[in-house]
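Subject: Structure handover and notes

Hello,

Here is the structure I said I would pass on. My notes follow below it.

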Amino acid sequence: MQTVNEIRQEISPLFEPILGEFRVKTYFSYHAIFKNNLMIALYQNGVTYLRISQKYMSYISSYSGTYNLSDNKIGLQSRKFYFIPNNILSDKSQLSILIHSTLEELQSEKEKIDNKRSTQIRNLPNMNLKLERMLKKVGIYSIQDFAEVGYISAFIKLVMQGFDATEDLLFKLNGALNHQYIYTFTEKQKRELMQEANEALYACGLRKRFNTNHLIM
């Protein structure tokens, strides 16, 4: 079996003029070609399978000699890779267009995912999918919504909605907006948060929930 370095030497004349530096990693029974951590091609036994962007999917699928990879071991993602015949591989201009189109599409998809993650409450400290769903039920859908409402108002909304609003939840909400994990909270900080929550609950006509007498002054 060929090593990664041997495979790299074998495919460098094909990819290096277009990509410059690139990486090769084993991927199931294939070798995967990466540029900027984006997988653009698969290589196996001298055969190149190029990931094709949506823009050129119809063109490639109708091109004589090409076919879809469809490897069940890889899954649905394999359907985006096509066998590329030598007449395309030898045409550096055409190959470059296909590769750069794929890179642009992958980069765009990555940016969309990164942007979505940047708004998801679950990605804040102390948060998870369950807590994110709880907050959505009280009208808090994004980090921006959460920041605008604030941790105390969010806590009160959850209480009014009937959720089990514990001191642990209060600490998590506060820590999420202040980028602090609850295991780093001091006893003084916990006491002040519970006192603040009690006062806010009382002001809204709700009963106080926390006994702070047991905490060390």
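Leaving aside its neighbours within four places in sequence, which residues is Gln 120 in contact with? They are Glu 132 and Ile 143, where contact means heavy atoms within 4.5 Å.

Before the rest, the conventions. The model is predicted, so local features need pLDDT of at least 70 and side-chain atom pairs count only at pLDDT 80 or more, while totals for chains, interfaces and linings use all residues. Residues are numbered from 1 along each chain as its sequence is written, and side-chain values use heavy atoms, with hydrogens and water left out.

Domains and the linking loop

An automatic or database domain assignment divides the protein into domain 1 (4–116) and domain 2 (121–204). Taken over C-alpha atoms, the centres of the two domains are 45 Å apart. Gln 120 sits in the loop between H4 and helix H5 (129–136); helices are DSSP runs of H or I with at least four residues, strands are runs of E with at least two, and both are numbered from the N terminus. Gln 120 is buried, at a relative accessible area of 14% (buried is under 20%, exposed over 50%, partly exposed in between, with a 1.4 Å probe and protein chains only).

UniProt, in an unreviewed entry, lists residues 119–196 as "domain: TfoX C-terminal". UniProt positions are given here in the numbering of this model, feature names are shortened, and annotations may be inferred rather than shown by experiment. In the model that span is 63% helix and 0% strand, and its end C-alpha atoms lie 27 Å apart.

Helix H1

H1 (residues 4–19) has 16 residues and would span 22 Å if straight, but its end C-alpha atoms are only 18 Å apart. The expected figure is 1.5 Å times one less than the number of residues. A kink of about 70° lies at Ser 12, shortly before Pro 13; the bend at a residue is the angle between axes fitted to the seven residues ending there and the seven starting there. Ser 12 is also one of the buried residues of H1, along with Ile 7, Ile 11, Leu 14, Phe 15, Ile 18 and Leu 19. Their cover includes strands S1 (23–27), S2 (30–35), S3 (38–44) and S4 (47–51), and helices H3 (86–89) and H4 (92–119). After H1 comes Gly 20, with a positive phi near 75°.

The sheet

Six strands form an open sheet in the order S1-S2-S3-S4-S6-S5, with antiparallel pairing. S1 and S5 (67–68) are at the edges with a single partner strand each, so one side of each has no neighbour in the sheet. Two strands count as paired if DSSP finds at least two bridges between them.

S2 is mostly covered, with six of its six residues buried. Tyr 30, Ala 32 and Phe 34 point one way, and His 31, Ile 33 and Lys 35 the other. In a regular strand the side chains alternate between the two faces of the sheet.

S2 pairs with S1 over five bridges, and Tyr 27 stands opposite Tyr 30. These two strands form a hairpin with two residues between them, and Phe 28 in the turn has a positive phi of about 55°. S2 also pairs with S3 over five bridges, with Ala 32 opposite Leu 42. That hairpin too has two residues between its strands, and Asn 36 in the turn has a positive phi of about 55°. Further along, S4 and S6 (residues 81–83) pair over three bridges, and Leu 50 has Tyr 82 as its bridge partner.

Regards
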